[in-house]
Amino acid sequence: PTQTCPVTTRQIDVGDAFIRSNVVFRNGKIYYPQTVALPAGGITTNSRLAAQWTVLNTDGTFSDGGRLEDATATRINGGKNYGYPSLSVNKSNDMLLGFSEFESDDYADSGYAVRLGGDPAGTLRDPLIYKEGEDYYSKVFSGTRNRWGDYSHTMVDPVNDADLWTVQEYSRLRVGT
């Protein structure tokens, strides 16, 4: 609101559905997060991005999973798009899913959602944005992609094996042009 964006806006590169974050083996299950474009078939003007999490049994069969998504979002309508998720699981099977939130009418935010071990299958509690973006973001280095997602991670606290911590990116205030 207090910053002037460039005339040509740059969308943040959300990568693909490749598993970019840690895969967690915990209590006999395999957990992993990924960014997915919906509906399936690639990113279009009407696509939305979701943070998907999957839990597998050790034989590779599906055990649980779900998505953090805004079903009304598209790339251009101001809805919430979620990307670059990371997760961790504690001794009680509580899961913390960290993510970046992108909207066409707002700056890139940091957030997380929780799933307690006793919660119904396929569910997450409401997401919380813990750091609002402060400015537009543009980092192209020597290419054309507006890179994002290199500094996000979620872990269980090694001291008590109960607390969960996440570090997620947000667009901070620029210190120059």
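**Exercise 1.** In this predicted model, state how many residues the largest nonpolar core has and which of them have the most contacts inside it.

*Solution.* The largest nonpolar core has 13 residues. Those with the most contacts inside it are Tyr31, Trp53, Leu68, Leu87, Val89, Met95 and Leu97. Next, take the elements: strand S3 (48-57), strand S5 (81-89) and strand S6 (95-102) give two or more residues to this core. A second, separate core has five residues, including Phe102, Ala108, Tyr137 and Trp148. As background, nonpolar side chains tend to be buried together in soluble globular proteins.

**Exercise 2.** List what Tyr31 touches, not counting residues up to four places away in sequence.

*Solution.* Tyr31 touches Asn22, Val23, Val24, Arg26, Thr54, Val55, Leu87, Val89, Asn93 and Met95. Of these, Leu87, Val89 and Met95 are also named among the core residues with the most contacts.

**Exercise 3.** Describe the open sheet formed by four strands.

*Solution.* The order is S1-S2-S3-S4, with antiparallel pairing. Strand S1 (24-26) and strand S4 (62-68) are the edge strands, each pairing on one side only. From one strand to the next, the twist averages 25 degrees. S3 and S4 pair over six bridges, and Leu56 stands opposite Phe62 in S4.

How values were computed. Residues are numbered from 1 along each chain as its sequence is written. This is a predicted model: local features need pLDDT of at least 70, side-chain atom pairs count only at pLDDT 80 or more; totals for chains, interfaces and linings use all residues. Side-chain values use heavy atoms; hydrogens and water are left out. A nonpolar core is a set of buried Ala, Val, Leu, Ile, Met, Phe, Trp, Tyr and Cys residues joined through side-chain atoms within 4.5 Å. Buried means under 20% relative accessible area, exposed over 50%, partly exposed in between (1.4 Å probe, protein chains only). Contact means heavy atoms within 4.5 Å. Two strands pair if DSSP finds at least two bridges between them. Axes are lines fitted to C-alpha atoms, for helices over the stretch in contact, and angles run from 0 to 180 degrees between N-to-C directions.
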